[in-house]
Amino acid sequence: MNATTHEAGARGPGAAGSHPPGRASAERTRGAGRRRWSPRRRSATFAGYLFLLPWFLGLFGLVLGPMLASAYLSFTEYDLFTDAQWVGLSNYTEIIGSDPEFRQSVGVTFTYVLASVPLRLLFALALAVVLNRTLRGMAFYRSVMYLPSLLGGSVGVAVLWRQLFGRDGAVNEFLGLFGIDGPNWIADPDYSLMTIIVLAVWQFGSPMIIFLAGLRNIPPEMGEAALVDGAGPLRRFLSITIPLLTPIIFFNVVMQTIVAFQAFTPSFIISNGTGGPVGSTLFYTLYLYQKAFTEFEMGYASALAWILVAIIAAVTAVAFLSSRRWVFYADEGR
Amino acid sequence: MGSRGGGSGAGAGEVRATWWGGDSENSALNAALDALAQETGTKVARETQAWDGYWDRLATQTAGGNAPDLIMQAGSQIPDYAERGTLLDLNTQETLDVEAIDEGLEQFGLVGDQLYGVVAASNAMGLVARDDLVGQAGLSLPGDDYDWEELAQIAVSAHDALGDEIWGLQDGGGDLILFVMKVRDDGRQFYADDGTLNATPEDLTAWLQYWQDLRDAGGAPPADVTAEGQGELPNTALAQGRAAMGFGWTQDYVAYARLSDSSLSLHLPPHVPATPSLWMNAASLWSVSSTSSVPDAAVELINQLTNSTEAIEALGISLGIPPSEAAREQLTGSLSAEEQIAMDYMSTVAEVSTPLNRLWPAGFDELRTLLGDLNEAVAFGDLSIPDAVDQFFTTATDFT
């Protein structure tokens with residue numbers, strides 16, 4: 001509708017859309033007959049690209065351009081102030097060959113991804129199942145459950161987390177009621193990553209919404225048929241709901257994994273940008289940030305960024321390959 | 001002098017200024033700049049940040065050719081910034097009028113003959129004590145002649161008297177400034193005149209061992225308590241009432257006093273009269289970006305911040321102690337109790353200190369961060385003291 005309106009209206013510059021809306025349908029029929037009249041076609045195409053221009057500017061100026069620049073910089077030594085010096089592959093060989101902090105940050109990040117993604121998805125799915133009913137005020141409960149996802153990355157959470165998980169925090173006071181002397185969850189290197197994983201699990205909002213949509217799409221007849229055959233609720237959930245939900249689960253796993261690899265804010269705000277105590281929360285992106293903006297090794301940081309791209313691409317590829325074995329698309333008729 | 005610069009109508013241009021600080025610095029500088037705007041008509045756009053993020057941001061802005069005109073700088077950073085040609089040589093600015101500033105402080109902004117920063121405030125290290133905890137423990141703090149061993153004994157007896165969850169002295173093992181003071185206490189300089197390290201592996205071994213022993217004996221809090229207090233003053237063990245004493249700069253003392261429910265006192269750190277370890281330090285400096293389009297107006301702001309009575313009144317001592325005799329005289333009588341204590345303390349320091357033999361060389365900041373990391377790793381038992389010492393000196397020799 002919009003496209004034809006513009007097409008018909010594109011008689012001259014500035015004429016597009018300037019005629020009264022009432023004439024649009026009449027023009028559309030005439031316009032349809034003129035499809036082959038190429039000058040009009042061309043100017044319509046031109047108008048289309050013109051409308052796309054802002055997006056293209058963003059894509060080339062803010063995404064592809066900087067990516068190309070960082071690809072180039074990853075082969076240089078560049079301190080932001082003086083010109084970049086070409087050093088070939090030496091950034092990459094140093095990172096992979098002899099950088100203990102790189103290894104530390106990869107270890108921390110993989111631990112975080114492997115623990116937080118499954119836990120977050122389990123939480124999201126469990127809550128989606130609970131919220132997938134028709135109850136009074138359900139919209140309210142759904143909004144409330146989404147709330148942590150809006151708060152999770154904010155600086156205020158760092159303060160909240162201290163109050164909860166500090167040495168004298170609420171968690172330890174609660175444990176104290178049972179005579180348990182809890183550790184300093186935030187500042188003890190053995191536990192500090194765990195509290196960040198808890199923070200991540202708590203932000204289950206967006207996968208939960210997607211699961212909810214997926215659950216609503218499962219035709220009730222299947223469950224009813226199984227009910228008639230005598231299947232209990234657990235059986236129905238495992239044999240009908242889960243298989244029909246696998247495309248959604250797959251989507252969530254891939255998206256959440258990619259996001260988790262790029263996690264930056266939780267560690268940055270909780271450790272004050274240090275990755276401490278003793279490197280226990282040195283996420284990959286935080287290490288990259290330190291290299292780039294604290295130590296001014298922009299070339300080295302660019303190389304780190306491209307290695308992260310490679311890691312994410314490899315993990316995503318593995319997920320896609322494995323998906324053939326466990327993801328079930330209803331319309332494939334398998 | 002002190003009038004408009006260059007006749008180019010610089011007073012009309014807007015100046016971008018940036019500084020680091022918390023609430024007290026921000027409100028004081030905002031008040032001072034507002035007062036100056038009334039007087040001179042110079043509008044100042046302001047960008048402020050806490051110390052931690054400040055340098056990341058300033059470096060990025062500078063590299064992007066978008067540095068603010070008037071920049072708060074630190075003595076430890078000026079050599080790096082000057083070397084890259086990003087700061088204006090203020091000696092070339094004829095309108096600069098900062099003669100009032102104490103003579104000994106000028107060196108902090110000098111690199112060779114070029115002047116890259118004008119001292120905004122001075123400060124010195126001190127030992128801050130909570131009167132409530134010290135009183136409860138029945139301690140008496142030493143006067144002006146005591147050593148690090150005596151300090152350790154006091155810290156341990158504080159812990160013994162105050163119970164398991166309160167410690168004597170905040171962990172200072174990761175503070176390079178304190179380590180520098182310890183080496184000076186022993187009668188040597190931390191850096192040789194050529195900028196190489198004068199401190200020895202034995203010095204550092206003894207230093208890290210001192211704090212490890214203190215933590216083991218309860219004189220200093222365990223590693224997790226220190227780690228939890230990292231970052232901002234309100235979270236530190238001293239502000240939280242978990243430590244009876246802690247080291248801090250004079251302006252930190254004022255900030256602690258405002259944060260704490262107890263009254264605080266300020267003492268000399270361990271002090272050997274024959275070899276004084278303290279020095280009068282530049283807390284911060286004002287610099288002008290070499291790419292500034294309004295250098296005259298920025299220089300004029302430096303003049304005003306140094307000399308104008310309105311600015312001096314608005315700033316008080318929230319940035320540190322004013323670097324000129326005239327400003328200190330003007331403030332006398334108008335200060336709060338804790339500010340007066342800080343100012344008196346600086347007068348004491350002026351008598352018992354000796355200047356540094358040279359400014360911090362490039363790489364000082366990395367060493368500063370590194371010592372903090374190493375002390376933390378030792379405290380958590382992740383690293384042995386000999387390994388920590390090795391790492392420190394390997395890194396330090398990389399710079400020279």
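## A negative patch on chain B

Helix 5 (148-162) and helix 7 (201-217) of chain B each supply at least two residues of a negative patch. Helices here are DSSP runs (H or I, at least four residues), as are strands (E, at least two), numbered from the N terminus. This is a predicted model: local features need pLDDT of at least 70, side-chain atom pairs count only at pLDDT 80 or more, and totals for chains, interfaces and linings use all residues. Residues are numbered from 1 along each chain as its sequence is written, and side-chain values use heavy atoms, with hydrogens and water left out.

The surface patch is formed by B:D144, B:D145, B:D147, B:E149, B:E150, B:D213 and B:D216. Patch residues have over 30% relative accessible area and no salt bridge, with like charges joined within 9 Å. B:D213 sits in helix 7 of chain B. B:D213 counts as partly exposed because its relative accessibility is 39%. Buried means under 20% relative accessible area, exposed over 50%, and partly exposed in between (1.4 Å probe, protein chains only).

## Salt bridges

The structure holds 19 salt bridges over all chains. Each is a side-chain nitrogen of Lys or Arg within 4 Å of a carboxyl oxygen of Asp or Glu. One of them joins A:R167 to B:E165, with the closest N and O atoms 3.3 Å apart. This pair crosses between chains, from the loop between helix 7 (155-165) and helix 8 (170-177) of chain A to the loop between helix 5 and strand 8 (167-169) of chain B.

Within chain B, B:D102 pairs with B:R328 at 3.0 Å between the closest N and O atoms. B:D102 lies in the loop between helix 3 (78-83) and strand 4 (110-111), and B:R328 in helix 12 (residues 325-331), so the pair ties together parts 226 residues apart in sequence. B:R328 is buried, at 17% relative accessible area. B:R258 forms a salt bridge with B:E339, again with closest N and O atoms 3.0 Å apart. B:R258 is in helix 9 (residues 250-259) and B:E339 in helix 13 (residues 337-352), 81 residues apart.

## Annotated spans in chain A

An unreviewed UniProt entry lists "transmembrane region" for several spans of chain A, including residues 44-69 and 301-321. UniProt positions follow the numbering used here, and annotations may be inferred rather than shown by experiment. Residues 44-69 are 100% helix and 0% strand, with end C-alpha atoms 34 Å apart. Residues 301-321 are also 100% helix and 0% strand, and their end C-alpha atoms are 30 Å apart.

Key: Chains lettered and ligands numbered in written order. Patch = residues over 30% accessible without salt bridge, like charges linked within 9 Å, V, L, I, M, F, W, Y side chains within 5 Å. Areas by Shrake-Rupley, 256 points an atom, 1.4 Å probe, with all protein chains shown as cover. Lys, Arg positive; Asp, Glu negative; His and termini not counted. Charge placed at Lys NZ, Arg CZ, Asp CG, Glu CD.
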